Amino acid sequence: MPTESEPYREMGVLKTKTNKEKIMSKYRILVLNGPNLGFLGRRQPEIYGNKGMDALPGLLEELMGESAREVELLFFQANGEGELIDRLESAYKDGVHGVAFNAGAYTHTSLALADCLAWIKIPCVEVHLSNVWARSEPLRHKSLIAPSCVGVVSGFGMDSYALAVQALYRHLEQNQKK
Ligand code: DQA
């Protein structure tokens, strides 16, 4: 768990309150965070808000109610591009069902991450706490990873992650029915 002074890297599996009693979840979703996202809640709260990643299970339950129990969340944060690629590759090997991915600044620059998402083909939602298109730096208006994602959620603080997980859940449900 993240503390006041330590960044979180890997929180392991964090079950939502409702699915604590249930051992089997239907979907495993990786919440993946890139550079400078280890101190969420403390980094520039005027831009990124004051909630930490530990708020996510509660937000997800508010949004999804009972269906939240069908989702198991896996968490990982790294500052390096290679570590993020390694984690995506292991998600591929482990058959993870979806990825909610805030790639931070790599969103705008990383062809390597875009290449990885393009071949592993795990349904991925690009996530941003801030509304990147409303920000003043033109480079933030561009995403190299978006073409390999099913969608983008940007601008809702920590709710962006919960909305992304909910969207992935609905996407997975709909595609399973086909
Ligand atoms: C961010 C937006 C990026 O432009 C920035 O580099 C970040 C955070 C966001 O969540 O709003 O590190 O991805």
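Predicted model: local features only at pLDDT ≥ 70, side-chain atom pairs only at ≥ 80, totals over all residues.

Reader: Which residue of β6 does His128 stand opposite?

Author: β5 also pairs with strand β6, residues 151-154, in a parallel arrangement of 4 bridges. In this pairing, the residue opposite His128 is Ser154.

Reader: How many of the residues of β5 are buried?

Author: In a regular strand the side chains alternate between the two faces of the sheet. In β5, Cys124, Glu126 and His128 are on one side, Val125 and Val127 are on the other, and all of them are buried. The number of buried residues in β5 is 5 of 5.

Reader: Within what arc do the buried residues of helix α5 fall, seen down its axis?

Author: The buried residues of α5, which spans residues 111-120, include Leu113, Cys116 and Leu117. An α-helix has 3.6 residues a turn, so residues three or four places apart point the same way. The buried residues of α5 line one face of the helix, because seen down the axis they fall within an arc of 95°.

Reader: Are Leu111, Ala118 and Trp119 of α5 buried or exposed?

Author: The buried residues of α5 pack against α3, α4 and β5. Leu111, Ala118 and Trp119 belong to the other side of α5, and there they are exposed.

Reader: Which residue follows α5, and what is its phi?

Author: α5 covers residues 111-120. The residue that follows α5 is Lys121, whose phi is positive, near 60°.

Reader: What span is expected for α3 at 1.5 Å a residue?

Author: α3 has 13 residues. From its first C-alpha to its last, α3 reaches 19 Å, which is close to the expected 18 Å.

Reader: Which residues of α3 are buried, and what arc do they cover?

Author: The buried residues in α3 are Leu84, Arg87, Leu88 and Ala91. They lie on the same side of α3, because the arc they cover around the axis is only 100°.

Reader: Which residues are exposed on the other side of α3?

Author: The buried residues of α3 are covered by elements that include β2, β3, β4 and α5. On the other side of the helix, the exposed residues are Gly82, Ser90 and Lys93.

Reader: Why does Arg87 count as buried, and which residues does Arg87 touch?

Author: Arg87 is found in helix α3. Arg87 is buried because 20 other C-beta atoms lie within 10 Å, and the cut-off is 20 or more. Not counting residues up to four places away in sequence, Arg87 touches Leu32, Phe76 and Ala78.

Reader: How far apart are the C-alpha atoms of Arg87 and Gln77?

Author: Gln77 belongs to β3, where Asn33 stands opposite Gln77. Arg87 and Gln77 are 10 residues apart along the chain. The separation of their C-alpha atoms is 9.3 Å.

Reader: How many bridges join β2 to β3?

Author: β3 is mostly covered, with 6 of its 7 residues buried. β2 and β3 run parallel, and the number of bridges that join them is 7.

Reader: How many C-beta neighbours does Leu73 have inside 10 Å?

Author: Leu73 has its place in strand β3, residues 71-77. A residue is buried if 20 or more other C-beta atoms lie within 10 Å of its own. Leu73 therefore counts as buried, for its C-beta neighbours inside 10 Å number 25.

Reader: What pattern of helices and strands does the protein follow along the sequence?

Author: The secondary structure comes to 6 helices and 6 strands. Of the 178 residues, 37% count as buried. Read along the sequence, the pattern is β-β-α-α-β-α-β-α-α-β-β-α.

Definitions and conventions: Residues numbered from 1 in each chain as written. Buried ≥ 20, exposed ≤ 12 C-beta atoms within 10 Å, placed from the backbone. Helix = DSSP H or I, 4+ residues; strand = E, 2+ residues; numbered from the N terminus. Arc of directions from axis to C-beta. Contact = placed C-beta atoms within 7 Å. Expected span 1.5 Å × (residues − 1). Pairing = 2+ DSSP bridges.
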